[in-house]
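Thanks for sending this one over. Here are my notes, as numbered points, to read beside the structure.

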Amino acid sequence: MPPNTSFSWIEARSRRFGVWRYIELLPLRNNIEPVTMCEGGTPLVKISRITQSQGAYVKLEGSNPTGSFKDRGMTIGLTIAKYIGVEGVVVASTGNTSASAAAYAARAGLKCVVVLPRGNVAKGKLAQALLYGAEILEVEGVFDNALERVLTDYVLKQKRNMYPLNSYNPWRLEGQKTIAFEIVDELGESPDFVIVPVGNAGNISAIWKGFKELYNYGLTSKLPRMIGVQAEKASPLVATWRSKTPYLIEVDDPSTVATAIKIGKPVNWLKAIRAVEESKGEFIAVSDNEILRAMRDLGRYEGVGLEPASAATLAGYKRALEEGIIRKDDVVVLIGTGNVLKDPDAVIAAINESKT
Ligand SMILES: Cc1ncc(COP(=O)(O)O)c(C=O)c1O
C-alpha cells in the first residue's frame with residue numbers, strides 16, 4: 001500500500017492519471033483546523049485462502065485510531081462541533097460510536113455524553129469510552145431506545161449545548177464515504193461488489209455516496225453493487241427490501257451476537273434501500289452461527305481479527321455465492337468495520353463455535 005493514502009481530510013487526491021488532481025470531495029474549508037488522528041488509510045488485504053478467490057478482499061477498518069470506521073466520520077463531526085463552539089457532543093451507540101466520539105471529543109477539548117443500551121455493548125468499546133472520559137448514561141432496551149433518549153432529551157429539548165453526532169448527522173457520512181475513495185485508489189477502479197454490515201445503515205449509504213461521486217468525476221469507470229448484511233433476528237432492512245414496502249418493517253426486539261448491528265429501527269433505512277436499489281445490489285440475512293463461524297475462520301485461516309458485525313460480511317459473501325448473486329471470480333470487498341479486540345466475549349463464542 002502506498003504511504004499516506006488517508007483521504008480523511010478536506011481534499012481527495014487522485015493518483016490514477018499519474019498526477020495529483022485536487023478535487024473538493026469533502027465539505028470543509030482549509031482554514032478550519034481539523035480534529036484528527038490520521039484516520040483512514042486502512043489496509044485492503046486479500047483473503048484468498050478462505051475464499052479460494054483472487055478477487056476477495058477485506059478492508060481492515062479496525063486499523064483506525066479507535067479500532068473502527070467510525071473515526072472517519074468523527075474527525076469531521078468533532079471538527080464541526082469545535083468550530084461552531086458547542087459545549088460537547090452527544091451520541092447513542094452500540095459501542096463503537098461512543099468510543100470514537102469520546103476519543104475525538106477528548107482531542108477537541110469538548111465534553112462527550114454517550115447513551116448506551118445496558119448490557120448490549122461489548123466490553124472493549126465500553127472500556128474505551130470510559131478511558132476517553134465520556135459521561136455514560138445507560139438506558140434499558142436496545143440501541144433504538146438509546147437513540148430515542150438522545151432525540152428526546154438532547155435534540156428536541158436542547159438540553160445543554162450538546163451537538164448530536166449519530167449517523168443521521170450528514171458530516172459523519174461525508175467522512176465515512178472516504179472508504180470508497182480508498183478502495184478505488186487501491187484497486188485502481190471500483191470492485192464488482194462491496195459487502196457492508198448494516199445496523200443504523202449510515203455506512204452503506206455513505207460508501208455508496210463515495211463511489212457515486214468518484215464515478216461522476218470520472219475517477220472510476222464503473223460502480224460496484226452494494227450488498228448489505230444483517231443478522232437474521234435483527235434484519236429490518238432485509239424484511240423491508242424483500243417485501244418492497246414503501247415503509248420500514250421495524251423489528252421490535254432485535255437480537256444477535258453482533259451487538260454493533262443489533263438495531264430494529266435504522267434511522268438511515270431509506271438511504272440504504274436507495275443505495276442497494278440504485279447499485280442493483282442485495283440485502284442478505286445471516287444467522288449468528290454463520291457470523292461466529294466466519295469470525296473464527298477469518299482468524300484461523302487468514303490471521304484477520306474482526307468483531308462479529310464485521311465478520312458477518314464473510315457470512316454474507318458465502319450466502320451470496322450460494323445464491324448465485326456473486327461469482328467466484330468477481331472482485332469483492334468486505335468492509336471489516338471493527339477490530340476483534342473490541343469484543344472478547346464474542347471471541348470465546350467464536351472459538352466454541354468450532355466445537356459445534
Ligand atoms: C463494527 C460495526 N459494524 C457495522 C456497524 C453498522 O454501521 P451502520 O450503523 O452505519 O449501519 C457498526 C455501527 O455501530 C459497527 O460498529
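**Notes on the fold**

1. Strand β9 (residues 193–197) runs parallel to strand β10 (residues 225–231), and the two pair over five bridges. Strands count as paired if DSSP finds at least two bridges between them. Helices (H or I, at least four residues) and strands (E, at least two) are DSSP runs, numbered from the N terminus. Across this pair, Val-194 stands opposite Met-226 in β10. Helix α9 (residues 236–243) packs on the sheet, where it touches β10 and β11, and its direction makes about 130° with that of β11. Axes here are lines fitted to C-alpha atoms, for helices over the stretch in contact, with angles from 0 to 180 degrees between N-to-C directions. A contact means that two C-beta atoms, placed from the backbone, lie within 7 Å.

2. A word on the basis of these notes: the model is predicted, so local features need pLDDT of at least 70 and side-chain atom pairs count only at pLDDT 80 or more, while totals for chains, interfaces and linings use all residues. Numbering starts from 1 along each chain as its sequence is written.

3. Back to the sheet as a whole. It is open, has six strands in the order β3-β4-β12-β9-β10-β11, and its pairing is mixed. At the edges are β3 (44–46) and β11 (282–286), each pairing on one side only. From one strand to the next the twist averages 25°.

4. Now the overall build. The protein has 13 helices and twelve strands. For 356 residues, a compact globule would have a radius of gyration near 21 Å, and the 19 Å of the protein agrees with that. This radius is taken over C-alpha atoms, and the globule rule is 2.2 Å times the number of residues to the power 0.38. Of the 356 residues, 56% count as buried; that label needs 20 or more other C-beta atoms within 10 Å of the residue's own, exposed means 12 or fewer, and partly exposed is in between, with C-beta atoms placed from the backbone. Among contacts between residues at least 6 apart in sequence, 74% join residues at least 24 apart.

5. The domain assignment gives domain 1 (12–68 + 172–353) and domain 2 (70–169); such bounds come from an automatic or database assignment. Their centres, taken over C-alpha atoms, are separated by 22 Å. The contact takes 38 residues from domain 1 and 36 residues from domain 2. On the domain 1 side, α6 (170–176), α7 (178–187) and α13 are the elements that give two or more residues. The largest share of that side, five residues, comes from α6.

6. Do have a look at helix α13 (residues 344–353), where Ala-346, Ala-350 and Glu-353 are buried. Seen down the axis, the buried residues of α13 fall within an arc of 55°, so they line one face of the helix. The arc is that of the directions from the helix axis to the C-beta atoms. These buried residues pack against α11 (288–302) and α12 (308–322), while Pro-344, Ile-348 and Asn-352 on the other side are exposed.

7. Finally, which backbone angles deserve a second look? Most residues other than glycine have a negative phi. Ala-201, in the loop between β9 and α8 (202–216), has a positive phi of about 75°. Ala-201 counts as buried because it has 27 C-beta neighbours inside 10 Å. Lys-280, in the loop between α10 (269–278) and β11, has a positive phi of about 60°. With 10 C-beta neighbours inside 10 Å, Lys-280 counts as exposed.
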